[in-house]
Every structure is written in structure tokens, then in C-alpha cells.
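Take a look at the chain below.

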Amino acid sequence: MDERETRFTRLYDEYHRRVLTYALTHAEPHTAEDIAGETFLIAWRRLDEVRDPVLPWLLAVARNLLHKQRDRGRRGRDLAARVRALASPGDLAAWDVAEHVVERETVLAAVAALPERDLEVLALVNWHGLDTRQAARVMRCSGPAFAVRLHRARRRLARALEAAGDPPAPRDVTDGSARASRPSAAPVAGKAAR
């Protein structure tokens, strides 16, 4: 073992439990373990920058990671709230409320399953109304590269909707029968990804 590995092993053995304890005071156990692991991954990569006292440096890294984790969770909840708000009064009048809730929950589950990079790409186009060129500028990539990202995000959303299962056929509120042309997951994906 070389000097670098020896130093890191000593640092890990001495401080891992304390970093994990810190993370556990701010997050669920599975998240805290991830935060502690990522903290030491950063410490390994930046080992030359780690100076005594070591613990404050490690805890600052863990704290930053916890803040990023919270921000990702907040963005996901905000996006889910925006999707919930897309239901119009017309949707509620045309569909049985229980079936509408099931379909909406299916869409929310599919959206929640997407990686954050896909959510950002879809949000730039759908919620912010940017065209491909404008969104590419925001993402700091070329127009064609953004178009590929958008295509892939839409495809993953369609697959997530299919995986979530096709919701039951909505009933016509006037006679209780299933409508002949019920919406499928594909048009929902198209609306969500435009």
C-alpha cells in the first residue's frame, strides 16, 4: 500500500463513523449511508486538499451533499405538484373522479421514476415553453444534442408510463359505460413531453 492509500485508510477508519452519525442526524439511514460514502469518495479524490483538522472538512462536505439531496427532493416534489395542477375542471367533469385519480397517480409515478436530467429537459420545453435552440442554450449544449436528449427523455417517459400500467377505461358520467376511445398512456406521454 502506498502512502496515499495508507493515509486515506487511516482517515476512513478514524472518521467514517462520525461522518455517518452526522448524516444520520439529518437524513434517513439509507440516504445517510450514501452521503457518508460519497463524502469519502470526494475525500479520496481531493486527498491532497484535506488538511488537519480533518473532521470539519469532512462534515462540511457531508453538509453540502445533504443540502444537494434536499434540493433534489424539493425539486421533485415541486414538479409533482405542477403535474397535479395540470388537471382541468373539464377533465374532472368528463371522467369518473376515482378513475381520474388512478390515471393521475400513474402519470405521477412515471414522472417520479425519471432521472433528474430527463425532468429538466422536459421541463424546459413543457413548463418553460422554450424551443430546442433556447433550451440547448440553457443546457449549454448544441441544438442537435438537446434534441437527442429531449427524444430520449420522452422515450423514457413513455416507457415509464407503460411500466406503470395502463389505467382502467374511464367511464362516461352520463351512462356509466366505458368510452370507446379512452386515452392511452401514449397520448399522455406525448402531452407531457411536448
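How confident was the predictor? The mean pLDDT of the protein chain is 77. Of its residues, 74% reach 70 or more. One stretch needs care. Over residues 167-194, pLDDT stays under 50. The model still has 52 contacts beyond four places in sequence for that stretch. Where pLDDT is low, predicted coordinates should not be read in detail.

Now the overall build. The protein chain has 9 helices and 0 strands. Read from the N terminus, the order of elements is α-α-α-α-α-α-α-α-α. How does the chain meet itself? Take the contacts with a separation of 6 or more: residues 24 or more positions apart account for 64% of them. The protein chain has 194 residues, and 32% of them are buried. The chain exposes about 12200 Å². Carbon and sulfur atoms supply 53% of that area.

Next, the aromatic rings. How many aromatic pairs are there? The count comes to 4. One of them joins Phe-8 and Phe-40. Their ring centres are 6.4 Å apart and their planes meet at 75°, so this pair is edge-to-face. The cut-off for that label is over 60 degrees. Where do the two residues sit? Phe-8 belongs to helix α1, residues 3-24, and Phe-40 to helix α2, residues 29-45. The pair therefore ties together parts that lie 32 residues apart in sequence.

Are these two residues buried or exposed? Buried means under 20% relative accessible area. Phe-8 has 16%, so Phe-8 is buried. Phe-40 has 3%, so Phe-40 counts as buried too.

Phe-8 has another partner, Trp-44. This pair is also edge-to-face, with 5.2 Å from centre to centre and 75° between the planes. Trp-44 lies in helix α2 and Phe-8 in helix α1, so this pair ties together parts 36 residues apart in sequence. Trp-44 has a relative accessibility of 31%, and therefore counts as partly exposed.

Now put the rings together. Phe-8, Tyr-12, Phe-40 and Trp-44 form one aromatic cluster. Which residue lies over the face of Trp-44? That residue is Arg-4, at 4.5 Å from the ring centre.

Terms used: Residues numbered from 1 in each chain as written. Predicted model: local features only at pLDDT ≥ 70, side-chain atom pairs only at ≥ 80, totals over all residues. Heavy atoms only, no water. Helix = DSSP H or I, 4+ residues; strand = E, 2+ residues; numbered from the N terminus. Buried < 20%, exposed > 50% of the residue type's maximum accessible area, 1.4 Å probe, protein only. Contact = heavy atoms within 4.5 Å. Areas by Shrake-Rupley, 256 points an atom, 1.4 Å probe, with all protein chains shown as cover. pLDDT = per-residue confidence, 0-100. Phe/Tyr/Trp six-rings, centres within 6.5 Å; stacked < 30°, edge-to-face > 60°. Lys NZ or Arg CZ within 6 Å of the ring centre and 35° of its normal.
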